[in-house]
Amino acid sequence: MSVCQTAAKIYRRIMMVRPSQFDVIHQNLNPHMSCSEPVDKAKASFQWDRLQSVFKNHGLETLTCDPIPGAVDMVFAANSAIVLNNKALISNMAAEPRKPEEGAFENWYREMGFEVATFDEIAKPYTFCEGNAEFSPMADLSRFFFGWGQRTAESAYEPILDFFSLDRKDVFKVRLIDERFYHLDTCMAPLALGHILYYPGAFDETSRKTILEGVGSSSKLIAVTENEAMAFTCNCVSFTSPTSGQAVVVSPSFSPRIRSILESLGYVCERVEFDQFLLSGGAVRCTVADIGQTRRPKQNNRLKN
């Protein structure tokens, strides 16, 4: 594998929540959740530890957060906040059982020195947004994708632009139309070399065109099949390894076809078994909050209607 010429700016520093409270005790948050098979908590802990070890072995700065008692879904740290340029916009969960997590995450980000805001403070009228799971930056942080339509409201778009001083021409709205892909990170993943791994069927026609516009070239788009998407292939984390300098993709699933495509493009593919978390409808990306993003904010140049 070749060494990246330009290191990706995503996933340089991450936060994960320990799985000590993880369980599946409700099944109405997404279509994948099921209480029919009990969680093997020892196996879940092993799988989480294995994933964190992969990140640490690649040299990523990895921080951990302890969950509050009874917060069975808090392990899915991608829903904690949108984080950019040392600012954290705390999620306003549409999923009612996850509401208690908001205050705990707010406290953690404040204690870590982030400039923190909540949607309750900055968004009028009231809106829902479930964090970085719905906000995906390209590897160079020049463009961003905002997902809405399932558990995040379209009305969250404007407060995000305002809080992070982003131009609307750099933030591409895409609508999720399939309830099985309830967050953007279940069906789209920006990769370290500038590609996008995505499932076209999760988006409406307009959004598919928007994705092409955002990535800039069809050669940068890697479409997965429905079966590959249902195996949570897109719920992956891709970064430039500080240890090796290589472009890495960590996912719970690589079909032979996708692995072949990614390796031909120069990626190192690392599969991490994550079946216990799939019982709750979450996988690798869901458990990771990217908190090391930095981008110089633009001054007074946000485009207006």
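**First stop: helix α5**

Select helix α5, residues 205–215, and colour S207, T210, I211, G214 and V215, which are buried in this predicted model. Looking down the axis of α5, you will find that these buried residues fall within an arc of 125°, so they line one face of the helix. An α-helix has 3.6 residues a turn, so residues three or four places apart point the same way. Turn to the other side of α5, where E205, T206, K209 and E213 are exposed. Following α5 comes G216, which has a positive phi, near 95°.

**Second stop: helix α1**

Now select helix α1, residues 41–57, and check its length: at 1.5 Å a residue its 17 residues should span 24 Å, and the end C-alpha atoms are 24 Å apart, which agrees. Within α1, the residues A44, Q47, W48, L51, Q52, V54 and F55 are buried. Viewed down the axis of α1, the buried residues fall within an arc of 150°, so they line one face of the helix. On the face turned away from that buried side, look for the exposed residues A42, F46 and N57.

Which elements do the buried residues of α1 pack against? Select β1 (13–17), β2 (61–65), β12 (237–240), β13 (247–251), β14 (267–271) and α8 (275–278), and you have the partners of those buried residues. At the N-terminal end of α1, zoom in on D40, which caps the helix with a side-chain oxygen that lies 3.3 Å from the backbone nitrogen of A42. Just after α1, G59 has a positive phi of about 90°.

Most residues other than glycine have a negative phi, and most peptide bonds are trans. With that in mind, select N86, in the loop between β3 (81–84) and β4 (87–90). The phi of N86 is positive, near 65°, although this residue is not a glycine. N86 is partly exposed, with a relative accessible area of 38%. The relative accessible area of S165 is 28%, and the residue is partly exposed.

Of the 87 residues in the largest nonpolar core, F55, I160 and F203 touch the most other members. Leaving out residues up to four places away in sequence, show what F55 touches: I14, M16, L60, T62, V237, F239, V250, V284 and V288. A second, separate core has 19 residues, including L63, A81, V116 and A289.

**Last stop: E106**

Finally, select E106, which lies in helix α2 (residues 101–111). Its side chain makes a polar contact with the side chain of R110, at 2.9 Å. Apart from neighbours within four places in sequence, E106 is in contact with I90, V116 and T118. One of these, V116, is included in the second core.

Notes. Residues numbered from 1 in each chain as written. Predicted model: local features only at pLDDT ≥ 70, side-chain atom pairs only at ≥ 80, totals over all residues. Heavy atoms only, no water. Buried < 20%, exposed > 50% of the residue type's maximum accessible area, 1.4 Å probe, protein only. Helix = DSSP H or I, 4+ residues; strand = E, 2+ residues; numbered from the N terminus. Arc of directions from axis to C-beta. Expected span 1.5 Å × (residues − 1). Contact = heavy atoms within 4.5 Å. Polar contact = N/O pair within 3.5 Å; in protein donor to acceptor, adjacent residues only side chain to side chain. Core = buried A, V, L, I, M, F, W, Y, C linked by side-chain atoms within 4.5 Å.
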